[in-house]
Structure formats: structure tokens, C-alpha cells
Amino acid sequence: MATEAMALSQTDKAPARGAAGLHRFANPARFSRLSARLLPWTAALAVGLIALGLYLALFVAPADYQQGQSVRIMFVHVPSAWMALFCYSFMALASAVGLIWRHPLADLAAKATAPVGALFTFTALLTGSLWGKPMWGTWWVWDARLTSVLVLFFLYLGYMALWQAFDDDAKAARAAAILALVGAVNVPIIKFSVDWWNTLHQPASVLRLDGPAIHASMLWPLVVMTLGFTCYFATVLLLGLRAELNERRARILRQRALSRL
Amino acid sequence: MSALAAIIARDLRIAARQGSATLLVVVFFVLTVTLFPLGVGPEPGILARIAAGVVWVAALLASLIALDRLFQADFEDGSLELILLSGPPLELVVLAKALAHWLTSGLPLLLVSPLLAVTLQMPAEGYLALLAAMALGTPSLSLIGGIGAALTVNVRRGGVLLSLLVLPLYVPVLIFGVSTVEAAITGIAVKPHLLILLAGFFGSIALAPWASAGALRLALE
């Protein structure tokens, strides 16, 4: 009932529980206005940064002395992989916030993150496979990092399937939150898999304790592409949250109309 | 404490009366392992090479089959609700039920696995390691599977969803279980692999009950 009331509230009143901190944005109308203000910026930044990053990656960054031009796949592969891990961490964090503080938007944020995280994971696997054929001579190998990223992909799919399996949204949210937190153990495994197992995928070159091991001419396109992907994620997240809130409002209005017949 | 013992005894008694449940799990295990020589061909070299992996994968799938019995029946007839209301903490109940579940499905798998390894012509050095690895791995499978079983206890046709949720979480146990046997066969140190399996076991005991209990409370609301 509380979520119904909140979904329908069209006014600026703070929720009865007190408007502390992030709970201010549990009010859908307020969140709607905030996201309407933010969306053009995140979308523009996403498009701009990705365009800039692609230009830097394709024309400015040097070709590799060994791999030639095919090294440029890295500028899509690595940011996708970073975003895949980032999205799962964000999903786990949002799930924890939803479980502990019962913030209604936290559950929806986790739900909205899952498809885009799965997409980034799939992109990382696909571009990695395309890069692996010229570089390693094989489309796929069961090394530690590839296997754990594939497991991450299945975790995303299982998370989305669990949301669909429940009729009651509140129960679905909490069950999915439990699953997201259980699966979060895979994230450090992926990150450190190249250190723990000495297999085919190369070890960390950027996010290491000794600092990045690649030259600035390759580092900057990577950073720009990653920032662009992050803005893309923010755009999709905001759009997804708006869509969820609108869907809930529509469902409640429909139920009310039906009950008045 | 006696309440937990009563829960374990009840689960064991139900499993004993319904003897088919344990038998079903073992028969599925044997059938799955049997499919591999039929599919891959009976050349001893190939079978011996994949023996450890096949036994472990079949054990994983058989554990999956057995997970239905963990919470479903008690949830459907209301006993789980009674236990939640009047019994010991749900986390301890989950541990007790996981123990009973392991005794009636994990332990039989463990005991049958060397026989199946013989049919796959696994080298002799691997048998002890296989028993040790399964002894440490199958309880983890019961506990981790319990999380999935608790999440899908109230879901229509939750069996397939259970597989999708639980199999990615089973992958580490599978990987280290097989690597233990492979290490024994190739003659390198087995203890590190067993220690990792043990760590997984302790981690499951410590953390899985919380997730399962949370999911059960959700279903019982």
C-alpha cells in the first residue's frame, strides 16, 4: 500500500516517514523532475564522449607493433568489461540498500541495471572473441577470466529471470536482491582471476597497485570510452527508472478504474 | 538444540519412508555418468581423461534434482511456517535441513562415485582424492543449492529457474573438485585444492544460511 501511495503521489510533499537524504527521491514526482533535468545531459555526454573516444581509438591511438590495427578492438572490449563489473557491483550495492533501508528506488535501480549489465558482459565476451581470433588464434578458451565472465553473464540472466518469476513486485525485489548479493562473490574472482591463475588472458595493465602499465596515447582513449559508457549506463538507468515508475502508475490507475466498474 | 535434532530426525525419517527419493538421486547419477561413454565412445584413453569431470558434473546435476526436496514439501504443507513461528532461528533450521539433505542425497552420491569412476577407467591415484573432494564439495552443494531452493520455493515451475540460479554458483566447487582429482592423478600436491574446497565449505556454512533464511522468510510472508 505504501508503494501505491507513493507511486500515485503527484505533489511535492515529502513522504510521511521524513525526507532524510536519498529518501527524498523516493517521491516519484520529484524523481521524475530530477531525471528529466539530468537525462539530456547524460545522453549528450554519452554520445559526445563515445564519439570522441571512438575518434581517439580509431585515428589517434597508435597501432600495436605486434597486433597492428586489430588492437583497436581493445578500446571497446576493455571498457565493456569494466562496465560489466561496474554494473554488477552497482546492482549488488543497490540491492543491499534496498534490503537494508527499503528505499523503493534502490530495488528498481538494480532491476534497471541488469539488462544493460548483461549487454556489456555480452559485448565484452563478443569483442573479446573477435579479438582473440587474430591475437590468440582461437575464438574461445576456457581460461579463468573468460570462464568467470561467462558465469557473470549467467548470473545476470538468472537475476532477470528471478524478477520475472514472482507475481508480487515487492517479493521479487527482495528475492532478486538476495540473489544479487550472493552472486557478488564472483566480482573479486573475475578481477583477480588473471592474478590467481596464470592462463591465457593477459594480466592487469591498468588497474594495478603499481599504476597503469600502458602508454598515455592508449590510456586516454580507454578512459574516454569508459566515461562515455558510464554516461550511457546512467542514461539507460534513468530511462529505465522512469519507465518502471510510469508502469507502476499505469497499473495502479488501471486497477482503480477496474474496481470502480 | 533438541529442536534442531528433532528437525534432522524428522527429515531423515521422511526420507527413509520415502526411500525412492535417495534412490532416484543415485539412479540419476548413475544414468548420467553412463550416458558419457555411450556418447563419447568407449576408448579407454578418452574416458580416463574425462572421468573426474564427468563424475563431478553428474554429481552436480544429481544434486540439482535432489534440491526440490529441501524446502518445497515443508513449505507446501505448512510445517515451515510452524517452524518459523515457534522453532529455533531459521538460519539454524536451514543448516539442520541442509545436513539432513546431505545425508540423504550428498552422502549416497559420495559413496557411489568411486564405483562410477571405475566404469570410466579413472587412474588409481585419483580415487582417494575423489572421495575427499566429494566429501568437502557435496555439503557445499547442498548449502548453496539451498539458497536457490529457498528463492524458488514459491515459484511456479521453479525447477528450471532453480537450475539457472544455482549452476553458476556451483561452478567454483566443480572447478576445484575436478582439479583436486586431476592433481592427484598427475602427482602434484593435492592439499591446496582440498584447502580451497574446505574454505568454500566453511564459507557456505557461514553465509548460505543467511541467504536461504532471508529467502524463506520472504516466501512465508
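Helices, at least four residues long, and strands, at least two, are runs assigned by DSSP and numbered from the N terminus. By that definition, chain B of this predicted model reads α-α-α-α-α-α-α-α-α from its N terminus on.

**Chain B as a whole**

- Chain B holds 9 helices and 0 strands.
- The radius of gyration of chain B is 18 Å, close to the 17 Å that the globule rule gives for 221 residues, so chain B is as compact as a globular protein of that length.
- Buried residues make up 47% of the 221 residues of chain B.
- Among contacts in chain B between residues at least 6 apart in sequence, 81% join residues at least 24 apart.

**Where chain B touches chain A**

- In chain B, 14 residues are in contact with 15 residues of chain A.
- Helix H7 (126-151), helix H8 (158-186) and helix H9 (191-220) of chain B are the elements that give two or more residues to this side.
- H8(B) supplies the largest share of the side, 7 residues.
- By type, the residues on the side of chain B that touches chain A are 12 nonpolar, 2 polar and no charged.

**Helix H8 of chain B**

- H8(B) has 29 residues, which at 1.5 Å a residue should span 42 Å; the end C-alpha atoms of H8(B) are 41 Å apart, which agrees.
- At B:Tyr170, H8(B) bends by about 40 degrees.
- After H8(B) comes B:Gly187, with a positive phi near 90 degrees.

**Helix H2 of chain A**

- Helix H2 of chain A covers residues 28-60, and these 33 residues should span 48 Å at 1.5 Å a residue; the end C-alpha atoms are 44 Å apart, which agrees.
- H2(A) bends by about 35 degrees at A:Leu38.
- Here too a proline follows within four residues, namely A:Pro40.
- The buried residues of H2(A) are A:Pro28, A:Thr42, A:Ala46, A:Leu49, A:Ile50, A:Gly53 and A:Ala57.
- An α-helix has 3.6 residues a turn, so residues three or four places apart point the same way.

How values were computed:
Residues are numbered from 1 along each chain as its sequence is written. Chains are lettered from A and ligands numbered from 1 in the order in which they are written. This is a predicted model: local features need pLDDT of at least 70, side-chain atom pairs count only at pLDDT 80 or more; totals for chains, interfaces and linings use all residues. The expected span of a helix is 1.5 Å times one less than its number of residues. The bend at a residue is the angle between axes fitted to the seven residues ending there and the seven starting there. A residue is buried if 20 or more other C-beta atoms lie within 10 Å of its own, exposed if 12 or fewer, and partly exposed in between; C-beta atoms are placed from the backbone. The radius of gyration is taken over C-alpha atoms; the globule rule is 2.2 Å times the number of residues to the power 0.38. Two residues are in contact if their C-beta atoms, placed from the backbone, lie within 7 Å. Ala, Val, Leu, Ile, Met, Phe, Trp, Tyr, Cys and Pro count as nonpolar, Asp, Glu, Lys and Arg as charged, and the others, Gly among them, as polar.
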